[in-house]
Amino acid sequence: MFWVLLLLLAWAFAGTACTRLCLAAVRAAAADSARPDADTGASTHREHDLTLYEAAFLSGGPRRVADVTMVSMARQRRLLLAHTGWATVVDPRGRDEMERSVIGAIGPEGQSRIAPVRAAAAGAEAVRRLADGLVRAGLAVPDGARTTVADGVRQVRAAALAVCALGLTALLLPAPTGLPRPLVALWFALPLTLTLSCLVIARAEVHPYSRWASPAGQRLLGALNRGRAGDGDGDGDGDERTFLTSVAVRGVRAIGEPELRAAFTHRDRPGRE
């Protein structure tokens with residue numbers, strides 16, 4: 001009857017993960033409805049046009065802000081991003097706080113590896129002020145509650161895999177189980193059904209699972225995506241704005257230029273500097 005212990009463990013994984021996800025979703029909904037501007041929030045947020053940096057933060061957090069800043073500077077030939085993973089300053093005059101943070105992170109020598117520059121720029125004071133402003137506007141998730149729903153979904157997915165592994169272990173036990181194997185499998189199908197049902201409900205009710213954007217921020221990002229889809233035949237400035245918006249929303253994987261994308265994805269080989 002060792003399989004019963006495995007079944008209890010499967011139920012513990014499934015029940016704990018699903019409970020955490022449900023509580024996280026309830027807290028997120030309560031926080032959104034409890035904001036002072038909850039009743040007028042829809043009209044207020046429609047009037048808030050996201051800047052490029054705001055869209056980047058809501059989509060990917062501080063590192064995404066650093067990425068889109070560096071890509072923007074590289075496209076304007078004011079920063080050279082080599083496919084070998086190095087950043088070189090061409091124009092040392094930053095046009096805003098974010099650009100000045102990137103230039104400051106590169107250092108006085110004007111050249112640095114991209115990875116530490118991204119990390120330093122993401123932790124700059126300018127990014128923290130941007131985050132605080134988005135939180136006050138109700139568009140970003142406060143720091144203390146940033147991982148609740150997204151982490152809850154990941155835990156339920158992990159619990160589903162754990163239930164499958166425990167069920168397979170029970171079916172492969174050499175000792176007699178006392179029940180037909182199909183019936184044992186049916187018992188494990190119950191906690192698996194619970195986790196999968198919870199994921200389906202979460203997909204319908206709280207998707208996308210954003211770590212950074214509040215429900216109001218997600219709605220603005222959705223409107224931004226729809227607007228970006230309709231801007232394909234604009235002028236050169238519009239095309240550049242559309243490109244940078246794609247990077248802000250999707251990250252460096254949206255970069256179509258192989259060498260520029262390689263600059264962010266480059267990894268040193270062992271023994272290389």
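Is L183 buried, partly exposed or exposed? At 34% relative accessibility, L183 counts as partly exposed, a class that lies between buried (under 20% relative accessible area) and exposed (over 50%), taken with a 1.4 Å probe and protein chains only. The model is predicted, so local features need pLDDT of at least 70 and side-chain atom pairs count only at pLDDT 80 or more, while totals for chains, interfaces and linings use all residues. Residues are numbered from 1 along each chain as its sequence is written, and side-chain values use heavy atoms, with hydrogens and water left out.

**Nonpolar surface patch**
- L183 lies in helix α9, where a helix is a DSSP run of H or I with at least four residues, a strand is a run of E with at least two, and both are numbered from the N terminus.
- W11, L179, L183, L186, W187, L190 and L194 form a nonpolar patch on the surface, with about 590 Å² of accessible area together.
- Helix α9 (residues 181-205) supplies the largest share of this patch, namely five residues.

**R77**
- R77 sits in the loop between α4 (62-75) and β1 (79-81), and R77 is exposed, with a relative accessible area of 63%.
- Although R77 is not a glycine, its phi is positive, at about 60°.
- Most residues other than glycine have a negative phi.

**D143**
- D143 is placed in the loop between α7 (125-136) and α8 (148-171), and D143 counts as exposed at 61% relative accessibility.
- D143 and R211 are 68 residues apart along the chain, and their C-alpha atoms are separated by 9.7 Å.

Notes:
Patch = residues over 30% accessible without salt bridge, like charges linked within 9 Å, V, L, I, M, F, W, Y side chains within 5 Å. Areas by Shrake-Rupley, 256 points an atom, 1.4 Å probe, with all protein chains shown as cover. Salt bridge = Lys/Arg side-chain N within 4 Å of Asp/Glu carboxyl O.
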